[in-house]
Amino acid sequence: MKPENQMIMKQLSGLLLLLISLSLSAQEKDLHMDLSGEWKVRLDREDLGEAGKWYESLFTEPVRLPGSLAENGMGDPVTLDTEWTGQVVDSSWYHAAKYAPYREEGNIKIPFWLQPEKKFTGAAWFQKEVLIPESWDNKHIVRRLERPHWETRVWIDDREIGSQNFLATPHSYTLTGKLGPGKHLITIRVDNRIKEVNPGINSHSIADHTQSNWNGLAGELSLTVKPLVFIESVKLTPDVEKGLVLAAVKLRNLSGQAQSGSIRLQCREVGTGNSVMQVFHEIPLIKDAESLSTELIYPMGPHPMLWDEFNPNLYQMDLELTSSEGLDRKQVQFGMREFRSEGKRFAINGRPLFLRGTLECAIFPKTGYPPTSTGEWIKVMEAVKAHGLNHIRFHSWCPPEAAFFAADRMGVYLQVECSSWANSGASIGDGKAIDAWLFKEAESILEAYGNHPSFCMMAYGNEPAGLRQEKYLQEFISHF
């Protein structure tokens with residue numbers, strides 16, 4: 001072929017790739033609805049909302065989401081009677097004469113934590129109208145709330161969908177068959193009070209000492225649509241010694257009839273985009289409303305790039321599931337690394353590891369809650385690395401996924417914890433609601449963040465109380 005023809009073919013090839021990319025971007029946009037922006041809000045100071053069926057009426061007061069009530073200037077002025085979450089060790093402020101000027105109305109200055117301009121503890125109701133397109137009819141729809149604080153209950157129009165109360169992971173609600181084409185009213189009740197589940201008043205997941213016991217919805221607020229046969233979850237387990245990844249894929253069928261199809265896996269180097277290889281797998285029959293778990297071995301080649309603090313090499317696994325219901329895609333970032341204990345020491349990829357760490361107690365004074373953008377967490381990781389450290393312990397809380405993406409990229413080893421510091425009025429192992437809740441939250445943490453190579457360690461939480469705590473923690477460690 002003549003050089004000029006080669007150039008034309010190269011240009012046409014580039015144009016074709018661009019058109020394909022734009023087409024895929026448009027398809028992805030059609031599958032995702034961003035709900036950030038203006039919502040309406042109503043504060044339920046007297047707990048009248050449920051009995052009064054507030055979800056049936058339209059609210060009028062505007063609020064910007066994602067965000068907290070405090071960021072929106074909402075709540076109550078701070079007074080001597082303000083309800084706080086957290087232990088006050090020295091209460092002399094409340095009695096000593098020298099602090100009297102700071103106990104006067106209009107000049108309240110609480111010394112125990114960063115004092116917000118306004119504070120609200122209780123139930124807040126958030127509401128937004130959405131228009132569901134015809135193309136979403138007969139599809140699987142999921143409502144995602146990335147970082148609510150704390151308990152959420154969701155209604156679609158006048159129909160209650162359910163409630164969730166995890167602190168460490170997104171709240172996801174399945175709306176399949178409940179959100180047809182046309183206009184709908186989404187109502188979310190958010191309650192930041194300690195109720196049946198008490199993780200401990202000093203837990204950095206909820207305490208006013210650091211991030212504040214805020215009320216609101218941070219991070220991603222979205223509706224996502226998938227085919228009725230879809231990829232429910234992916235767990236990637238790298239085997240450094242054998243140079244492979246074990247992919248445990250869970251598929252779900254909500255189509256109303258038995259389904260078969262195929263799944264394709266392709267791994268790429270993050271940064272270069274270089275492809276490792278493709279693996280195809282025919283899936284057997286999945287009955288309606290059932291899940292199918294399948295394990296696939298993915299060879300990474302003779303010399304896969306390993307991940308550690310000095311060489312944070314990353315891969316992305318692209319998964320495509322094809323069935324008569326259409327195509328479903330999922331992308332998972334991971335690293336080839338082996339983090340393990342050897343006697344009384346830790347090792348990374350077979351080498352001895354010395355953890356040089358720092359503590360993170362959810363201290364974000366500008367907002368009162370942790371950021372959900374990777375860029376903000378890159379700043380944190382850069383500060384860690386600049387001080388010669390390689391490790392962060394998240395004390396009695398677990399950060400949003402953006403922290404894991406940043407740590408993956410920067411080569412920082414993370415220890416996360418469930419959202420509990422179970423003493424000062426709380427305990428574990430005594431048959432309270434917190435016992436089962438911690439197991440569920442730990443499962444949720446592993447499901448949400450477990451593929452990230454930076455996620456190396458996890459603990460129940462911090463300094464527990466309880467007469468049977470030892471037995472409980474033994475069971476917790478054995479289980480996980």
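**Entry 1: cavities.** I searched the whole structure, a predicted model, and found 2 cavities of 30 Å³ or more. I took a cavity as a set of points, on a 1 Å grid over the protein atoms alone, where a 1.4 Å probe fits but cannot get out. Grid points are joined across faces, edges and corners, and the volume is the space filled by probe spheres set on the points.

I noted that residues are numbered from 1 along each chain as its sequence is written, and that side-chain values use heavy atoms, with hydrogens and water left out. In this predicted model, local features need pLDDT of at least 70 and side-chain atom pairs count only at pLDDT 80 or more, while totals for chains, interfaces and linings use all residues.

**Entry 2: largest cavity.** I recorded a volume of about 60 Å³ for the largest cavity. Its lining residues (an atom within 4 Å of a point) include R147, H149, W214, W397 and S419. I sorted this lining into 7 nonpolar, 4 polar and 1 charged residues.

**Entry 3: second largest cavity.** I read a volume of about 40 Å³ here. R144, E146, R147, P170, P400, E401 and Y449 form the lining, which divides into 3 nonpolar, no polar and 4 charged residues. Strand β8 (residues 140-149) gives the largest share of this lining, 3 residues.

**Entry 4: confidence.** I checked pLDDT, the predictor's confidence in each residue from 0 to 100: the chain averages 92, and 94% of the residues score at least 70. Over residues 6-27 the pLDDT is below 50, and this stretch has 4 contacts (heavy atoms within 4.5 Å) beyond near neighbours in sequence. Where pLDDT is low, the predicted coordinates should not be read in detail.

Technical notes. On a 1 Å grid over the protein atoms alone, a cavity is a set of points where a 1.4 Å probe fits but cannot get out, and a pocket is an open set with protein on both sides within 12 Å along at least five of seven lines; lining residues have an atom within 4 Å of a point. Ala, Val, Leu, Ile, Met, Phe, Trp, Tyr, Cys and Pro count as nonpolar, Asp, Glu, Lys and Arg as charged, and the others, Gly among them, as polar. Helices (H or I, at least four residues) and strands (E, at least two) are DSSP runs, numbered from the N terminus.
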